[in-house]
Amino acid sequence: MGTGRRSILSTIKTADLPTFRFYRRCLLYTNRDQRLDVRELSAWIRKKIFQHVTEAVGNNQALFNQIDINPQDGVISWAEYHKYFMIHRGFSAAFADNHDEKRHRGVPRRIKGERLDRTVGHCLKTIFSESIKKDQAAWSQLAKLEPFSMNADEFLAFTHPESSVAHHLELVEEMYEKFDKDGDELLTEDEFSIFHPEGNDDESLAIRQDEESRRKTFRTLIDRNQDGKANRQELLHYVAPESPRHADQEAEALLGLADVDHDNRLSLDEVLNHPNLFLKSKMIDAARGFHDEF
């Protein structure tokens, strides 16, 4: 084994051993041809997605109770979450209670007793501040029942929006607003598929090509009872993470990027030669993949 390949192998093993377990299992329990096709990739990704959603929902209440402590009143305030955020990133409870939240003065010049290089400290402070501001913006949008406080359902939408039924309902409402032209809360194939461009011929051609793809999506993934219309339940199934479309799209993307010999299958070498691609995918890290999307 060459040095380059040994290095890639070591990286993937260290980062996530299930990458190799995934490959071995696919070879053992599918068609055993030493290659992975798009259906085999999709089946594994769907398994990882189901595992992630189950864990997210199952762990939500325990994490909620861990943060809801001052006071323990059935809602999490921003102050409670902010303290958890600080401690979770290595700061002491005393520092989290007393630091300047608006400016985050002193963050993160010292983490877990280690003094940081000035340049490194400045970069980390910028990343830290951006992260907390991003959380604060999402918090302000989701905390609807109490000003800057969340119940357990809202907290699930905050930490795992892809697993929250409330968030799914919001996505469906957005689809109605965008596509439901007659306001009857039923999407037809034409409503979902047809756009009326105001542009040149090239733009019109691109939109017509997209229309064909959207019609296929409507027929195969949205209109489950094949009556030419999509009701709220069908749209909820479409936006939910368990929908086959997420796994199918991810599998097609992975195959398209890593299938160097264009045989519509992935070999072990092709997987090993694209470690970052697979480590960041839903195949390995479903949470990261969904959080980037939702």
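Is Asp190 buried, partly exposed or exposed, and what is its relative accessibility? Select Asp190 to find out: at 42% relative accessibility, Asp190 counts as partly exposed. Keep in mind as you click around that this is a predicted model.

**Stop two: Lys282 and Glu250.** Select these two next. They form a salt bridge whose closest N and O atoms are 3.5 Å apart. Lys282 is in the loop between helix H14 (275-279) and helix H15 (286-293), while Glu250 belongs to helix H12 (residues 244-258), 32 residues apart. Both Lys282 and Glu250 are buried.

**Stop three: Glu185 and Arg232.** Here the closest N and O atoms of the salt bridge are 3.1 Å apart. Glu185 lies in the loop between helix H8 (165-179) and strand E5 (187-188), and Arg232 in helix H11, 47 residues apart. Glu185 is partly exposed at 42% relative accessible area, and Arg232 is partly exposed too, at 25%.

**Last stop: helix H11.** Stay with Arg232's helix and select residues 232-239. Glu234, Leu235, Leu236, Tyr238 and Val239 are buried there. Then pick Asn231, which caps the N-terminal end of H11: a side-chain oxygen of Asn231 lies 3.2 Å from the backbone nitrogen of Gln233.

Conventions. Residues numbered from 1 in each chain as written. Predicted model: local features only at pLDDT ≥ 70, side-chain atom pairs only at ≥ 80, totals over all residues. Heavy atoms only, no water. Buried < 20%, exposed > 50% of the residue type's maximum accessible area, 1.4 Å probe, protein only. Helix = DSSP H or I, 4+ residues; strand = E, 2+ residues; numbered from the N terminus. Polar contact = N/O pair within 3.5 Å; in protein donor to acceptor, adjacent residues only side chain to side chain. Salt bridge = Lys/Arg side-chain N within 4 Å of Asp/Glu carboxyl O.
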